[in-house]
Amino acid sequence: MGMRAAIVVGATGLTGASLVEQLCENDEYVSVTVIARRAPAFSHPKLEVKIRNFDTLEEKDIEFAHELYCCLGTTIKKVGSREEFEKVDFEYPLTIASLAKNRGIPHMLVITAMGAKENSPFYYNRVKGKLEHDLMELGLQRLSIIRPSLLVGEREELRLGEKVGERVLKLAKPLLVGPLKRSRAIEASQVAKAMIVIALYGDKQPVTIYPSQELAKLDFPETQDEDVSREQLFNWNNRKLSSTSDEGDKVNREVVINRDKYKVEETFVDKEVNFQHREDK
């Protein structure tokens, strides 16, 4: 049983909702806090929900956690203007990241988009690219950027365009090989699982970018029980010597975080942009 705590923003979207459920079911986590504008339908003994207005979010609203998962995202059609879209997809994540940094949260995982790039010809990808750039400039202790392709799953709201795109990509999946493999649609539940795998076992570099094709392959490592022979089990002399040796190896450890030592480096760049999507994470 672990002792980890997580904060999730964007928990009412497709990926965020699945992420919250999986975090609550994961033995490594004892506490999951959702910060949202409305309560999610899911409930669990580990789960705490804080209803907040993101326009007035303060540092006191964010307590310490081991991971901050950001699944915020919307569409222009839903919010009505580019200004409101940028508020949800750019301003809120950046503000929350800054507050989390001040709180000493060591790891932020954020969903952007496949093809995110500041100079992209597509507005959606430009906003996501700017978010990635500014988050890197913020100098977080550890930043994991999640770049999924088209997310599929059961939504509360119907998006006809995305449903059509989902069906087309499913039919075309056998043809999407080689460089085109990155364009395959991906289940939101798999993205959520991949985020937890990254948090627990992922690259410890200051900045790591995970493209969709890599997210699709991530899974929890298999656990194997250590085989102990009958002779080892009942040889008390050996067990006593081993125990004595272990005691000598034990040391008290103090973890000191020196943020000045961290450098922001991009360890993966998804150079090709060949797909555009608008997604409520």
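This is a predicted model: local features need pLDDT of at least 70, side-chain atom pairs count only at pLDDT 80 or more; totals for chains, interfaces and linings use all residues.
**Strand 5**

I started with strand 5, residues 108–111. I wanted to know which side chains sit on which side: M108 and V110 are on one face, L109 and I111 on the other. All four are buried, so I noted both faces as covered, taking buried as under 20% relative accessible area.

Next I looked up the neighbours. Strand 4 (residues 67–70) runs parallel to strand 5, and three bridges join the two. Y69 has L109 as its bridge partner there. On to strand 6, residues 143–147: this one is also joined to strand 5 in parallel, by four bridges. I wrote down two of the partners, M108 with L143 and V110 with I145.

How do I get from strand 5 to strand 6? Helix 4 (residues 123–138) belongs with them, and the three make a right-handed β-α-β unit.

**Strand 6**

Buried or exposed? Five of the five residues in strand 6 are buried, so I put this strand down as largely enclosed by the rest of the structure. By face, L143, I145 and R147 are on one side, with S144 and I146 on the other.

I found I145 standing opposite I209 of strand 9.

**Helix 6**

I checked the length of helix 6 (residues 188–201) first. With 14 residues at 1.5 Å a residue it should span 20 Å, and the end C-alpha atoms are 20 Å apart, which agrees.

Then burial: eleven of the 14 residues are buried, so I call this helix mostly covered. Among them are the stretch M195, I196, V197, I198, A199 and L200, and also Q190.

What packs on helix 6? I looked at helix 1 (residues 14–25): the angle is about 50° and the axes are 8 Å apart. The two helices are therefore oblique to each other. I noted the crossing of helix 1 past helix 6 as right-handed.

**V88**

Last, one single residue. V88 lies in helix 3, residues 82–103. Its relative accessibility is 6%, so V88 counts as buried. I also looked at F54: this residue is 34 residues from V88 in sequence, and the C-alpha atoms are 8.9 Å apart in space.

Methods. Residues are numbered from 1 along each chain as its sequence is written. Side-chain values use heavy atoms; hydrogens and water are left out. Buried means under 20% relative accessible area, exposed over 50%, partly exposed in between (1.4 Å probe, protein chains only). Two strands pair if DSSP finds at least two bridges between them. A crossover is right-handed if, with the strands pointing away from the viewer, the path from the first strand over the helix to the second runs clockwise. The expected span of a helix is 1.5 Å times one less than its number of residues. Axes are lines fitted to C-alpha atoms, for helices over the stretch in contact, and angles run from 0 to 180 degrees between N-to-C directions. Angles under 35 degrees count as roughly parallel, over 145 as roughly antiparallel, 65 to 115 as roughly perpendicular and the rest as oblique. A crossing is left-handed if the near helix is turned anticlockwise from the far one by less than a right angle, and right-handed if clockwise.
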